[in-house]
Amino acid sequence: MYICVMYSSELIKGTLKTIVLKLLKEEGKSYGYEITQKVKEMTGGKIILTEGALYPTLHAMEKNGEVATELEYIGKRVRKYYKLTPQGESLVVEKLNEFAAFLETMQFLLDLKPSVPNA
Amino acid sequence: MRNLSESQIEFILTDLEQKGITLEELRTNLLDHICCLLENEMPEEGDFKEQYAEILQRFYQKELVELQIETEQLLTFKNFYAMKNTLKITGILSALLSLMGALMKSFHLPGAGITLVLGGLLFSLVFLPLLIILKFRDEANPTDKWVLSLGFTIGIFAILGIIFKLFSWPYANILMGGSTVAFVFGYVPLYFISRVRRPEIRFNTTVNSVLMMACGCMLFSLYNLNPNKGIIENQKASQEYLSESIESFQEANTQYNWESEIPNSPYLASAANALRSIDNCKINLVMALESISEQEARSFNLVNLSKPTEINIVHKQFVLNTDSVGAQYLLQQLVAYNQHSSSLFGPNSEKIIPVDHLKFEGIHAATVFQQLSQLQWHILSSMNSYLMHASAEMKNNPEQKDAH
């Protein structure tokens, strides 16, 4: 469900949660639109998150207790800010380590780098 | 940057709801997102509805409701891994418990029943339902999804039926029989038809169907196993012998003419009461079992019982009956008879009926009649030996007549 300007959706499928977690860790708190804009900005438009993928993930993370929410009322609109819970904080570390190990393995597997990884 | 009016916001909210976004939290999130997009990415002078329609297309592939479906799926299956783990643990546990229960039952060890029931309940109420949920999520083929889930559901009812049977709870036979019939005549043909056309699984499907059909039919033949014909014939022969013995004792005892010869014997009076009570119980039961009148019941030959294995009517009409034709009243009469026997012949006399060992609950009609006839036989034979003794004494010593 990504719109990926450069990469195929299969390639980065499964990393949405990691991206959102990392972004929230850096930003402190953020809302849906802001998250999509940040990712677009940080990747120079190479990865654009679609709303269809982002919101189901955010809702599931909220229910799992990985993010907490704060509401801001703008007239009739309600803006929902997401921020990490302690559980989410530890999940960021876990997810980043997991992804780093995966990258290293892939680099070795696909022979993208001469050194042999430890992972 | 444009500023959206309240009516435009209202329009978006209503439209989102109409397009199937019924989860309020998701709707407010989407509203804010759409507003941000309209405010920041769309030219101020454009038509609001056209711009809104353009933006909305970015949210879905076919229709907007898929966003809500995906959210719901993620929320529902957030415990997917926990469910898989529970499935593994309950699977192993129920297999172990059932195995242990079966072994314990074979060796008549205490706790076998509860172990078997725990294993069965875990299997039917946790393992199989979880399996159905996971099948629904994982199985790509919709036909397989439904057919396999039907099989598991039948399995749930079958196991519950077996547990009900173990505890002699009502509807056990309906549960067991119904699920066996549904399995053999519903599930197995469905399984076969839905899979046999696929060449890659044709062989496995055929083998599995044959195996399931064979096991199902075996189970079906085991279901509703009544005592075999030999046992029923033996029971009839025994009943016939008892009835004849009872008749000959009754005749023999009548010849002593004890009611006028020994009118004041409390032992004989209590024996007569007990015999009358047994007779009344038998007549009442025959009337209920055969749906016949009292007169017909009196001359009914117990060998011709149409429902010798009936339990429910016996339970209702005899075991639970508190009237003078019920088990409770009969036991009172037997206890009174025992008291008089004990005072006359001593507490260890063979004439005492072992009332404590009498059991009428959960017993087939034919066996209850046999027990009642044996009681009659016991009392009549005791009476007979007493009368023989008393009449001999009276012949030798006529003055002792009143002493009895």
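1. In this predicted model, helix α2 (residues 16-27) of chain A and helix α5 (residues 86-109) of chain A cross at roughly 125 degrees, and their axes come within 9 Å; axes here are lines fitted to C-alpha atoms, for helices over the stretch in contact, and angles run from 0 to 180 degrees between N-to-C directions. α2(A) and α5(A) are therefore oblique to each other, given that angles under 35 degrees count as roughly parallel, over 145 as roughly antiparallel, 65 to 115 as roughly perpendicular and the rest as oblique. The crossing in which α2(A) passes α5(A) is left-handed, a term used if the near helix is turned anticlockwise from the far one by less than a right angle, with right-handed used if clockwise. Helices (H or I, at least four residues) and strands (E, at least two) are DSSP runs, numbered from the N terminus.

2. To the contact of these two helices, α2(A) brings Lys17(A), Thr18(A), Leu21(A), Lys22(A) and Lys25(A), while α5(A) brings Gly88(A), Leu91(A), Val92(A), Lys95(A), Leu96(A) and Phe99(A); two residues are in contact if their C-beta atoms, placed from the backbone, lie within 7 Å. By class, the contact of α2(A) with α5(A) holds five nonpolar, two polar and four charged residues, where Ala, Val, Leu, Ile, Met, Phe, Trp, Tyr, Cys and Pro count as nonpolar, Asp, Glu, Lys and Arg as charged, and the others, Gly among them, as polar.

3. By class, the contact of α3(A) with α4(A) has four nonpolar and two polar residues, and no charged ones.

4. Chain A also has an open sheet of three strands in the order β2-β5-β4, with antiparallel pairing; two strands pair if DSSP finds at least two bridges between them. β2 (29-30) and β4 (67-74) of chain A stand at the edges with a single partner strand each, so one side of each is left without a neighbour in the sheet.

5. The pairing of β2(A) with β5(A) is antiparallel and rests on two bridges, whereas β4(A) and β5(A) pair in the antiparallel sense over eight bridges. Lys83(A) in β5(A) stands opposite Lys29(A), and Lys83(A) also stands opposite Ala68(A). β4(A) and β5(A) form a hairpin with two residues between them, and Gly75(A) in the turn has a positive phi of about 60 degrees.

6. In chain B, helix α7 (residues 142-166) and helix α8 (residues 172-195) pack at an angle of about 160 degrees, with their axes 8 Å apart. α7(B) and α8(B) are therefore roughly antiparallel to each other, and α7(B) passes α8(B) in a left-handed crossing. The residues of the contact of α7(B) with α8(B) divide into 16 nonpolar, seven polar and two charged.

7. Between the chains, 19 residues of chain A are in contact with 22 residues of chain B. On the side of chain A that touches chain B, α3 (32-42), α4 (51-63) and β5 (77-84) of chain A each supply at least two residues, and α4(A) gives the most, with eight residues. The residues on that side of chain A divide into six nonpolar, seven polar and six charged.

8. On confidence, chain A averages a pLDDT of 83, and 84% of its residues score at least 70; pLDDT is the predictor's confidence in each residue, from 0 to 100. Among the elements of chain A, strand β1 (residues 3-4) has the lowest mean pLDDT (48) and β2(A) the highest (92). Where pLDDT is low, the predicted coordinates should not be read in detail. The mean pLDDT of chain B is 86, and 95% of its residues reach 70 or more. The model scores ipTM 0.81 and pTM 0.46.

9. A note on conventions: residues are numbered from 1 along each chain as its sequence is written, and chains are lettered from A and ligands numbered from 1 in the order in which they are written. As this is a predicted model, local features need pLDDT of at least 70 and side-chain atom pairs count only at pLDDT 80 or more, while totals for chains, interfaces and linings use all residues.
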